[in-house]
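Dear colleague,

Please find the structure we discussed below. I would be grateful if you could read the notes that follow it with the structure open.

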Amino acid sequence: MSATTRRLTTAQALVRFLSAQHTERDGVRRRLIAGTWGIFGHGNVAGLGQALVEYRDTMPFHQGRNEQSMVHAAVGHARQLNRLSAQAVTTSIGPGATNMVTGAALATINRLPVLLLPGDYFASRAADPLLQQLEHPVEADVSVNDTLRPVSRYFDRITRPEALIASALNAMRVLADPAETGAVTLALPQDVQAEAYDWPEEFFAERVWTVRRPAPDPVELDAAVAAVRAARRPLIVAGGGVHHSEAEDALRALVDATGIPVASTQAGKGSLRHDHPADLGGIGHTGTAVSDALARDADVVIGVGTRYTDFTTASGTLFQNADVTFVNLNITGFDAHKLAARPLVCDARTGLERLTEALAGYRVDAAYEAEYGEGKERWDAVVEAALRAEDDTAVPTQTQVLGALDAVVGDDDVVINAAGSLPGDLHKLWRARSPRQYHLEYGYSCMGYEIPASLGVQQAAPGTPVWALVGDGTYLMMPTEIVTAVQEGLPVNVVLVQNHGYASIGGLSEETGGERYGTAYRHRAADGSFTGAPLPVDLAANAASLGMDVLRAKTVRELRTALAEARASDRPTCVYVETDPAPTAPPAEAWWDVPVAEVATREAAVRARERYDAQVAGRRRHL
């Protein structure tokens, strides 16, 4: 141990340590833990709560209203800053801790860093059982915090003060690791939080964690280059890794040099600006006609920073060329090897730069460029028709809501969404103008993410207009962080679309034989179905009661005016609009596998199974 020590509680030592951690990439340094979100209870109020007061000048604190929401806010912050900065979240034991499980899963699935600090039972067992403690009959060391183990990239329970030293360093290592990052959990027994210890001064020294950019292996690079050079119909699939690596310029340089077109996943949209000649928009189940058509015939698919989820691959039915080859450029070997690909395990920006150099002289045929250029032009006309309103005195459709927002936002505005029918419409129709404008959480597609995430984005990018797009179903899940926006003075904008139920799942229910049962917000009819009048719920009044300025829009014209007013406001503002439920978005261009009942008596389910069997026959295993 160092000859120089400082006597602090474990909680005080942790807060002081976190305040001294930084990341650095490309010569740019940021605080690794930019602030702490918290809701206090008996499991953390006297430990971390006291420590956050002690070091309030060095560790910003944000008071949340829901534990899951606080994690979402921290995730929004990390994504906006390309994973170079994170936030911590502290909760009490019991329900406070378990409420974080959903947020932790979201962070880890999306490979986004967040530090979770739940309180825990007494390590000394002096009070046993204490309030909210889970008593396990055969594993006495289990607590409810163990539910965070499978959704964390790193987990530890700090049962002695000195154990924090190694664990805290490991936690920072994982948070700053571009391949391993996700939710990191340090469970903190409440007695240990308050226990004093003589800490070595070196523990509190300024520390910089380099976010590395590993280069591709030469052998892997040669194999990838050979595959691309042999291709006649190559296609790039841009995933979220392009943004995390800040590789947009490198991608554009590769595309400009080779003419290879780019389709994007939900996380990768905006990797190219929408009006770039090679940007074909979204791919997969919610993709564009031109992207999906090219994907079916592609002979080489170059995945850059993508996880190849079922929405991207259309549940294994999209890439139908008998001789298709995959080249996967990814910082994680786990993802790089998917679909029996030629792996290129490296940082996205570095890998794209090396690939561009090695492909010097290669360019796709002019006929192929003309083909996808014409397809892009046709799709642009589809987008324009869906977004345009012929009658601005009419009630807007959902796609016209997007058209009105498109007309108001600037290039650097951030549009946030996660669940419902909006992700599909946005993936097909939104015209992304900058790398961070399109913020879709579609790894976990978590209802309730949008409003709290908008707070984290606003904190990460002060002065940037931020828009949380939510349907009524999502709003009812988690509106409480509106109060936090008011308290923190964060001028986020919420576009609240009222369509009286779960529009996306309603459509899926109808397609799969569920007959839209239980998907609408309506009174029960005499036969027990949900087909009565809409419920007399005023969500705009609810938003106003939580402290937001509320603008109600009944027509397309009023909506445009309200959106412009919200963007100009310096207060949290809600634009409330009830939409025409008639579907106006283009239909899906590719399949998504949701298994349908194999046997049923109702005609709707029987017919749905027939359609399902026809679609599933097209699935491929890429081996």
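The notes below cover a sheet and the packing of helices.

The model is predicted: local features need pLDDT of at least 70 and side-chain atom pairs count only at pLDDT 80 or more, while totals for chains, interfaces and linings use all residues. Residues are numbered from 1 along each chain as its sequence is written, and side-chain values use heavy atoms, with hydrogens and water left out.

An open sheet is formed by 6 strands with parallel pairing, in the order β14-β13-β12-β15-β16-β17. Strands (E, at least two residues) and helices (H or I, at least four) are DSSP runs, numbered from the N terminus; two strands pair if DSSP finds at least two bridges between them. At the edges, β14 (279–282) and β17 (342–345) each pair on one side only. Strand β16 (residues 325–330) is joined to β17 by 4 bridges, and Asn328 stands opposite Pro343 in β17.

Helix α11 (residues 289–297) lies across β12 (234–238), β13 (262–264) and β14, and runs at about 100° to β14. Angles run from 0 to 180 degrees between N-to-C directions, and axes are lines fitted to C-alpha atoms, for helices over the stretch in contact. Contact means heavy atoms within 4.5 Å.

Helices α3 (residues 67–80) and α18 (residues 450–460) pack at an angle of about 40°, their axes 6 Å apart. This makes α3 oblique to α18, as angles under 35 degrees count as roughly parallel, over 145 as roughly antiparallel, 65 to 115 as roughly perpendicular and the rest as oblique. Among the residues that meet are His72 and Gly76 in α3 and Pro452 and Val457 in α18.

Yours sincerely
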